[in-house]
Amino acid sequence: MYWWQAIVVLAWAMLSLVFAWVLWALETFSDPVAWGVVIVAVFVADAGSYVFHYVVDHYGRPRPGGVVHAFQRHHLIPDGIVQKPVVEVLYPAARIVTPLEALLLLGVSVRGEAGWWVLALLVLSVFWVLAQLCHRWSHRPPGRLVRGLQAAGILVSPSAHQRHHEAPYDSHFAVITGWSNPLFDGFGLPRRLDRLMQCLGLEKRGLVRNLRELEARE
Ligand SMILES: [Zn+2]
Ligand SMILES: [Zn+2]
């Protein structure tokens, strides 16, 4: 872990808290619909983690240091995610999200108002960063609070995520709340995404083949 990674993650956390406070001060949360917006945005974030994770696992070409390499290598060394510092888990997304949140907050400050789409974007960006932390917790819950949230179905549970780590690695791709796992697995989303990717001319390498090649290289 580098000190500047910690500064970026800290800046993101503080900016997100200030942003939430500004929305509170603007009375964005006074309408009950706002809480519905928050729940829908959390679901969209979880659904996004499913699609992103599927494409990265089965279509990505791993380059050392890249996100595809990190995701695919995680299947070879699942414990790696709990061994690195939390800052390293949050940093890759925080460095992208922080400037976007800052720009959005600047826009809200200039206008002096925030629509529900701003609230939705803030929730999406926060969970974009927290996705890998929720994933880490599904490998090793840090305490009773997280275990309780997982048991209540608010965060993805270790048992659900463990199913993703079983060959042929074809289900349970969502890593935040896990709400989209039964929905998308039941709907056969991976096969439907395959058909879409085929139309786009993208070759499916498959995670089993990717892991065989990664293993041979290491
Ligand atoms: Zn995976
Ligand atoms: Zn995992």
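The model is predicted. The protein holds eleven helices and zero strands. From the N terminus on, the elements run α-α-α-α-α-α-α-α-α-α-α. The C-alpha atoms fill a box of roughly 55 × 40 × 40 Å along the principal axes. The radius of gyration is 18 Å. A compact globule of 218 residues would have a value near 17 Å, so the two agree. Of the 218 residues, 29% count as buried. Contacts between residues at least 6 apart in sequence were also examined. Of these, 69% join residues at least 24 apart.

Helix packing is taken up next. Two packed helices are described by the angle between their axes and the distance between the axes. Helix H1 spans residues 3-25, and helix H5 spans residues 86-111. Their axes come within 8 Å and cross at roughly 40°. H1 and H5 are therefore oblique to each other. The crossing of H1 past H5 is left-handed. By class, this contact has 16 nonpolar, three polar and three charged residues. On the H1 side, the residues are Gln-5, Ala-6, Val-8, Val-9, Ala-11, Trp-12, Leu-15, Ser-16, Phe-19 and Val-22. The H5 side includes Val-87, Leu-90, Tyr-91, Ala-94, Val-97 and Leu-105. Glu-88, Arg-95 and Glu-101 also belong to the H5 side, and each counts as charged.

H5 also packs against helix H6, residues 116-139. Here the angle is about 175°, and the axes lie 9 Å apart. H5 is therefore roughly antiparallel to H6, since angles over 145 degrees fall in that class. The contact of H5 with H6 has 15 nonpolar, two polar and two charged residues. From H5 come Val-86, Val-89, Leu-90, Ala-93, Ala-94, Val-97, Leu-100, Glu-101, Leu-104 and Val-108. From H6 come Val-118, Leu-121, Ser-125, Trp-128, Val-129, Ala-131, Gln-132, Leu-133 and Arg-136. Several H5 residues take part in both contacts, among them Leu-90, Ala-94, Val-97, Glu-101 and Val-108.

Gly-112 is found in the loop between H5 and H6. Gly-112 is exposed, because 7 other C-beta atoms lie within 10 Å. The C-alpha atoms of Gly-112 and Leu-23 are separated by 9.9 Å. Along the chain these two residues are 89 residues apart.

The contact joins His-53, Val-56 and Asp-57 in H2 to Val-67, Val-68, Phe-71 and Gln-72 in H3. By class, it has four nonpolar, two polar and one charged residues.

The loop between H8 and H9 shows several local features. Helix H8 covers residues 158-164, and helix H9 covers residues 180-187. His-165 lies in the loop between them. With 13 C-beta neighbours inside 10 Å, His-165 counts as partly exposed. Leaving aside neighbours within four places in sequence, His-165 is in contact with His-75 and Pro-78. The C-alpha atoms of His-165 and His-75 are separated by 6.7 Å. These two histidines are 90 residues apart along the chain.

Most residues other than glycine have a negative phi, and most peptide bonds are trans. The peptide bond from Ala-167 to Pro-168 is cis, with omega near 10°. Pro-168 has its place in the loop between H8 and H9. Tyr-169 is found in the loop as well. Tyr-169 is not a glycine, yet its phi is positive, about 55°. His-172, also in this loop, likewise has a positive phi of about 55° although it is not a glycine. Tyr-169 is buried, because 22 other C-beta atoms lie within 10 Å. His-172 is buried too, with 24 other C-beta atoms within 10 Å.

Definitions and conventions
Residues are numbered from 1 along each chain as its sequence is written. Chains are lettered from A and ligands numbered from 1 in the order in which they are written. This is a predicted model: local features need pLDDT of at least 70, side-chain atom pairs count only at pLDDT 80 or more; totals for chains, interfaces and linings use all residues. Helices (H or I, at least four residues) and strands (E, at least two) are DSSP runs, numbered from the N terminus. The radius of gyration is taken over C-alpha atoms; the globule rule is 2.2 Å times the number of residues to the power 0.38. A residue is buried if 20 or more other C-beta atoms lie within 10 Å of its own, exposed if 12 or fewer, and partly exposed in between; C-beta atoms are placed from the backbone. Two residues are in contact if their C-beta atoms, placed from the backbone, lie within 7 Å. Axes are lines fitted to C-alpha atoms, for helices over the stretch in contact, and angles run from 0 to 180 degrees between N-to-C directions. Angles under 35 degrees count as roughly parallel, over 145 as roughly antiparallel, 65 to 115 as roughly perpendicular and the rest as oblique. A crossing is left-handed if the near helix is turned anticlockwise from the far one by less than a right angle, and right-handed if clockwise.
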